[in-house]
Amino acid sequence: MRLLSKSVLILVLIVVVFLTTLIGLLHSRYNQPLVNFILAQVSPYQVVAKKIDYDIRTPYQIRFEHAEITENQQVLIHADSIQLWLSKSSITKDKLAFDGIQINNITSANMPLLTSLPPLTIKRLVFNNTNLNTPTFAIKHGLIQFDNWQTPAANIPWWQSFNGSLKMSATSIKWHQFELQQLLINANKHHQQWQFDGISGLWHQAKITAQAQFNNTDHSLTIEQLTLNKLRLQDQQLVNDWQQQLTQHLAPLTAINIKRLDVIDSSIELAQWSADGINLSLQNWHWPQNYWQQQNSRLSFSASHVQWHQVNFEQPLAELQFMPQQIISHGMSAHMMEGFVRIDGWIDPQQLFVSDLKASGIKWFLNKDWPQRWQQWQHQYTDIIFKNLNINNSQITSSATAIPFQLAGIDIDVQDAVLKQNNQWGLWQGQLEANLGFGSINQVIINQAIATMHSNAGKWQLDKLVLPFNYGMLKARARVALNDPQRPWQLTLMGDTIPAQTLSQWLSLPLPLTGAIDTQIKLHGLAGTQADFNHHLSGTASADFRQLALINITPQQLFTQWQQSNFSTVNQTATAPELPLTATPLILTAQHGTIQMQPLTAMAKGFALNIDSRWNLTDTKQQQLKLKLTTGCQQLIKEWLQGVSTVTVDSSCNGNTKYVPVKVADTALPH
């Protein structure tokens, strides 16, 4: 018993001597080698410090001044100071634990994985006044605080190896191309679940606030609320860089759910579009679903000004709802093109339904590529329906196309109309009335034009079409059975003193004339297919010509140009004097695709034109058009026969005859 007591006493003395020696060494200049010796037993890291502060009055606390943490003589972390608070539980438990570690003023870091550390827990890990600058990450005056940090497991970044609170603030922080100022983050992490209770900062002069959740198990992000106030964005290249970075770094995300996104009093100016005074609210949006796959998502938008594809919109407003396979407009409006437009309705991947569209005072100047844009737009819809359409006092101008035109004083009223059905255009149902105050179509003037039509179950009828010219008028009626696959149709045209310029200006006839035409046309047939049209075209057409004159071109110039293989366009010379003509009536008879034309003659002093034709739309062997032009001592005969065009030029001035055969396609025939 006495021996045991002596042994215990000796052991206690040894421990006391060891602790006394250890404490003494910690108070001496040998404290750094001692600390490194202890670290070497438990980790691959060493601490190099100019000074180590230790006080027996605070036995669980030690401070390293101007410290560097190294591994294999490579500096990993440099800090002004590192302060450790050892947990009392480390003495009683076989696990290294700290109540706190604070690292002050990190100026450079090459943070290791830290997976080689022994089992270690830190109740609170603080990086204070952190200043880092790496190629991908930079932070100024940053404060980062983790609770319940522990040695990371394999494949887990050190900054994710905690459970509890995360607090972060920084004067500025930059990650790749994204930079924030005055950043504040208040978050909690529980295993693989992140809860961001508050995020705020400044981004491109905008104040940003957010709340979000992140599930690291399925890599899904839920944005409870995200607000950007007074965003100012003008750098297109920067936006392109952001898109590239987001595409790369958000690739691991499987889903982003936006419960609410608000953009307030912001402006954006990019290459394709710009906007000022933006106020936007987006709710319940789910990515990667596209807009056809959303479940009751809503978008509200307003701005003071928007420019898109060189079109200016003033005070635009939009209230949209996104449903599965449907986008609903609860109100879209804007002041644009010197007028105002408002539209309600909905679209799906194949159908456009407009419940109400109002446009007033619009002045629309069409670009030269507007036919292509129109085709691209309308091609995406198999059905287009207008419940109510009202356009008043509007104007359309196209000056860069082959047939320039201007239409002013446009009034259109449409009720319950199906304008496109199963990819087929036509008035399948409903009523339409249109009025035109003034029109100029390729220099032919129209005043106070009227058109009314209706349709019931695919039986379309043009009730009235009136095109008043300066001194004449063209009236038309028509009907088509759109619901019948063969499309039977009828057309009646009556013209009184129609300007003769319409022949060259509208129909591209290579004979520029002035004067008046009185005409009557009655035609009928089938239009289901091209073959139906060719086999069933029947009716009569007649035209009487008055006060005709050849204008803006001399007979010799006309003679020269008609020798070309395709003379649908005649170059006119404004200085050429008018040449009065007289012409016999034009009389056409069509019977089941066979067209008979009585010979037509137009004559003037030193000028004669004869046209003779027989045409069968169903048989190319029975298609012939012969045109003979005589000017003075010259004669030109041009024939189209079975797809071949021939030109014969005969001149009695010098006795020469020229024969020129030319093969032509149908497009080379006179229009």
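Which strands do the buried residues of helix 4 pack against? The legends below refer to a predicted model.

**View 1. Packing of helix 4 against its neighbouring strands.** The buried residues of helix 4 contact strand 8 (178–190), strand 9 (193–203) and strand 12 (232–233). These buried residues include Leu238, Val239, Trp242 and Gln245. They lie on the same side of helix 4, because the arc they cover around the axis is only 125°. An α-helix has 3.6 residues a turn, so residues three or four places apart point the same way.

**View 2. Exposed face and length of helix 4 (residues 236–249).** Gln244, Thr247 and Gln248 are exposed and sit on the face turned away from the buried side of helix 4. The helix has 14 residues, and at 1.5 Å a residue these should span 20 Å.

**View 3. Hairpin of strand 35 and strand 36.** Strand 35 (residues 624–631) pairs with strand 36 (residues 634–641) over 8 bridges in the antiparallel sense. Within this pairing, Leu629 is opposite Leu636 of strand 36. The hairpin has 2 residues between its strands, and Gly632 has a positive phi near 60°.

**View 4. Pairing of strand 36 with strand 37.** Strand 36 is also joined to strand 37 (residues 644–651), again by 8 bridges, and the two run antiparallel. Gln634 has Ser651 in strand 37 as its bridge partner. In a regular strand, side chains alternate between the two faces of the sheet.

Definitions and conventions: Residues numbered from 1 in each chain as written. Predicted model: local features only at pLDDT ≥ 70, side-chain atom pairs only at ≥ 80, totals over all residues. Heavy atoms only, no water. Pairing = 2+ DSSP bridges. Helix = DSSP H or I, 4+ residues; strand = E, 2+ residues; numbered from the N terminus. Expected span 1.5 Å × (residues − 1). Buried < 20%, exposed > 50% of the residue type's maximum accessible area, 1.4 Å probe, protein only. Arc of directions from axis to C-beta. Contact = heavy atoms within 4.5 Å.
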